[in-house]
Amino acid sequence: MKKIMLSGGRPTGKLHLGHYVGAFKTFADLQENYNNYFIISDIHMLTTKSTKKEIDTILENSLNMIIDAIGMGIDPEKTTFYLQSQIPSLSHIYGIFQNYVKINRVNNTPSLLEMSKHTNQSEVSLGLVAYPVLEAADVFSLKADVVPVGKDNIDHIKITQEIISTLNSEFCSNFKVPDYLTTENNHIVGTDGSNKMSKSLDNAIYVRDSREEVERKVMSMKWVNKGEEGINVVLEYIKIFDPELYETIIYPAYLRKKLPEEKAKMILIVVLNNILKPMRQRMKPYLEDKNLTFDLLVKGTARVKEIADESMLELRKAIGLVDLNEKQLQYTRKVK
């Protein structure tokens, strides 16, 4: 029997090649080996995006995330997509888990410490601090065996392991302690050459970009000659998306100053469109009929709800929380 893998993301907007390199390529490569579940983490989204305007985008962004994921190679025949906030048992598990981790432990996660450098502490929500605990509840509720994560979030899965191990030790239970797999690349540079590829910075190449949009973005990239300061984004992208071409032809020509800027950009346009063409083809039927995507989300969520309900009951029973239905006969007086 295949093990269970949990992957996913927050429904904050369109997905781009940074998501592909940083996570989705790994998800797609692993999917043959596991029973795959993909969480649309809309409660996690609330930790940083909780206005009415932002919440109103959740459904549309969720459907678009599924379509983009399919484009990047996630097989809808082998993956169960589900919406986090539609799993009531998850909140119950989350509430219990909070009592088996110390506040200093979550305060000192690398991801929160890094975020704290750029955020006013008075603006940090309790939900954001407890983000790893909710992730632990996600993993536990699904009975996941493995979670692929970026290097920045390994500590989140370690917190999951610690919480479940504490429960197993305290209550002599035998809950599954999950493992993690790290993705090789955390991010790629944006088209501006100075930042991580990001929706908010408008420096991304999206998986839905047309050939014309790709060409426009590539041709506007700044060209950096050998010895000049800055990253040559054109070469960087060729290196990522066609490493053999880069090593054997592109970089040697660049070193010899035999690689004209326009030629390099035209090569990159071809390289990127070779990557994006099959993505566009996989997305096409779902873009033409979003009912197909909505149906995937509804059916997947219903399936996961059953699993999470079972996990919640197992957790309650293991730690000894009272079930009034079971106690009713004991405390109900017989009426003569």
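Lys143 is found in the loop between helix H9 and strand E4 (146–149). Its phi angle is near 60 degrees, a positive value in a residue other than glycine. The model described here is predicted. The protein chain holds 16 helices and 5 strands, and buried residues make up 46% of its 336 residues.

**Loop residues with positive phi**

- Lys143 counts as partly exposed because its relative accessibility is 22%, and buried residues would have to fall under 20%.
- Cys172 also has a positive phi, near 55 degrees, in a residue other than glycine.
- The position of Cys172 is the loop between H10 and strand E5 (179–182).
- With a relative accessibility of 72%, Cys172 counts as exposed.

**Overall chain**

- Along the principal axes, the C-alpha atoms of the protein chain fill a box of roughly 100 × 45 × 40 Å.
- Of the contacts in the protein chain with a separation of 6 or more, 79% are accounted for by residues 24 or more positions apart.

**Packing of H12 and H13**

- Helix H12 (residues 233–241) packs with helix H13 (residues 243–255) at an angle of about 150 degrees, and their axes are 7 Å apart.
- H12 is therefore roughly antiparallel to H13, since angles over 145 degrees count as roughly antiparallel.
- The crossing of H12 and H13 is left-handed.
- On the H12 side, the contact is made by Leu235, Ile238, Lys239, Ile240 and Phe241.
- On the H13 side, Pro243, Leu245, Tyr246, Ile250, Tyr251 and Tyr254 make the contact.
- By class, the contact of H12 with H13 comprises 10 nonpolar, no polar and 1 charged residues.

**Buried side of H5**

- In helix H5 (residues 88–97), the buried residues are Ser89, Leu90, Ile93, Tyr94, Ile96 and Phe97.
- These residues lie on the same side of H5 because they cover an arc of only 160 degrees around the axis.
- The cover over the buried residues of H5 includes helix H9 (131–142), helix H10 (154–171) and helix H15 (290–319).

- Lys284 has its place in helix H14 (residues 261–288).
- The relative accessible area of Lys284 is 47%, and the residue is partly exposed.
- Lys284 and Ile67 are 217 residues apart along the chain, and their C-alpha atoms are separated by 8.8 Å.

How values were computed:
Residues are numbered from 1 along each chain as its sequence is written. This is a predicted model: local features need pLDDT of at least 70, side-chain atom pairs count only at pLDDT 80 or more; totals for chains, interfaces and linings use all residues. Side-chain values use heavy atoms; hydrogens and water are left out. Axes are lines fitted to C-alpha atoms, for helices over the stretch in contact, and angles run from 0 to 180 degrees between N-to-C directions. Helices (H or I, at least four residues) and strands (E, at least two) are DSSP runs, numbered from the N terminus. Angles under 35 degrees count as roughly parallel, over 145 as roughly antiparallel, 65 to 115 as roughly perpendicular and the rest as oblique. A crossing is left-handed if the near helix is turned anticlockwise from the far one by less than a right angle, and right-handed if clockwise. Contact means heavy atoms within 4.5 Å. Ala, Val, Leu, Ile, Met, Phe, Trp, Tyr, Cys and Pro count as nonpolar, Asp, Glu, Lys and Arg as charged, and the others, Gly among them, as polar. Buried means under 20% relative accessible area, exposed over 50%, partly exposed in between (1.4 Å probe, protein chains only). The arc is that of the directions from the helix axis to the C-beta atoms.
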